Amino acid sequence: MSELMNGKELAEKMQAELALKVKELNERQINPGLVVLLVGENPASQVYVRNKERVANQLGIYSKVERYSQTISEDELLNEIEKYNKDPRFHGILVQLPLPKHIDEEKVLLAIDPKKDVDGFHPLNLGRLFAGNPDKIPCTPYGIMKMFEAYDIDLTGKRAVVIGRSNIVGKPMAQLLLMADATVTIAHSKTKDLAALTREADILVVAIGRGHFVTKDFVKPGAVVVDVGMNRDENGKLIGDVKFDEVAPLASYITPVPKGVGPMTITMLMAQTVQSAEAERGEL
Ligand code: NAP
């Protein structure tokens, strides 16, 4: 049986440390601030934004949520971003994705001051990451690296397979694993004989978005399995991309859903907001 990589527990520990750090910074008149821009009424986005606001408040980070109507124009949204780029109260700006179809996501990400891009999605920050000199890092893969670190999982020379090639999870995950000296393969929907490939993996990160897709047939005994997926089953229950009950007996380490990767993602968002506030004061 595998050891559980408990993201919730690790996130709580890191958040407690961050809260102390914020207190210490406050004493020196540094007040980390995060603004979240939410367009429209997407129910999942509303939940994510509420969670971010709640955690920011718990840590003593000054936070604000700006809600805009679904019909806001691209120009109006870009103007709002510019306003917050200049607002010294905020060290982090996050635009909750997805955006309505009439707004060009790339234009929006490019408009955020890279120094305030605490999600790590700005092309400059992605470029720095892929050049091996990261500043802001996409929070989900960053949180997963912290889990590997906390559980003493040595990545050097390991065969890693990442399923999924999105800019926010799969690709940056692969790059971080590469930077940690793993030998990395990225798989996607066109990959042939996926299970044969993933059975070679010592480290398997699954970021597909299909409930219980990865069964025991995909996993090498002793592998470390990280499940990024967040899906709803037919009863509305949150489930991962990995069939946990079947895979857990095989794996050496495994993350659950919920209480796995999710809480780490939000923690890294807060960590990068605090780091951004310190950097602005020249303290990093
Ligand atoms: P995405 O942009 O939809 O990307 C999904 C990836 O999975 C794509 O690269 C796609 O391949 C690949 N894929 C789809 N079907 C496949 C198949 N049958 N076999 C192999 N690969 C397949 O999703 P994402 O934003 O990366 O998110 C992935 C999952 O993680 C979602 O469930 C999302 O909700 C979750 N997520 C969780 C967190 C968290 O904090 N826990 C954060 C972000 C995302 P193609 O490129 O070929 O289409």
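User: Which residue of β8 stands opposite V206?

Analyst: D227 is the residue that stands opposite V206. Please keep in mind that this is a predicted model, where local features need pLDDT of at least 70, side-chain atom pairs count only at pLDDT 80 or more, and totals for chains, interfaces and linings use all residues. Residues are numbered from 1 along each chain as its sequence is written, and side-chain values use heavy atoms, without hydrogens and water.

User: What makes β7 and β8 a pair?

Analyst: Two strands pair if DSSP finds at least two bridges between them. Between β7 and strand β8 (residues 224-227) there are four, in the parallel sense, so the pair meets that cut-off. Strands here are DSSP runs of E with at least two residues, helices are runs of H or I with at least four, and both are numbered from the N terminus.

User: Why is Q29 called exposed?

Analyst: Q29 has a relative accessible area of 57%, so it passes the cut-off for exposed. Its place is the loop between α1 (7-27) and β2 (33-39).

User: Why is D181 called partly exposed?

Analyst: D181 has 49% relative accessibility, so it falls in the in-between class. D181 sits in the loop between α7 (170-179) and β6 (183-187).

User: What makes the backbone of Q29 and D181 worth a look?

Analyst: Most residues other than glycine have a negative phi. Q29, which is not a glycine, has a positive phi of about 60 degrees; D181, also not a glycine, has a positive phi of about 70 degrees.

User: What makes the peptide bond from L97 to P98 cis?

Analyst: Its omega is near 0 degrees. P98 is in the loop between β4 (92-95) and α4 (105-111). Another cis bond joins V257 and P258, with omega about 0 degrees, and P258 lies in the loop between β11 (253-254) and α10 (261-280). Most peptide bonds are trans.

Conventions. Buried means under 20% relative accessible area, exposed over 50%, partly exposed in between (1.4 Å probe, protein chains only).
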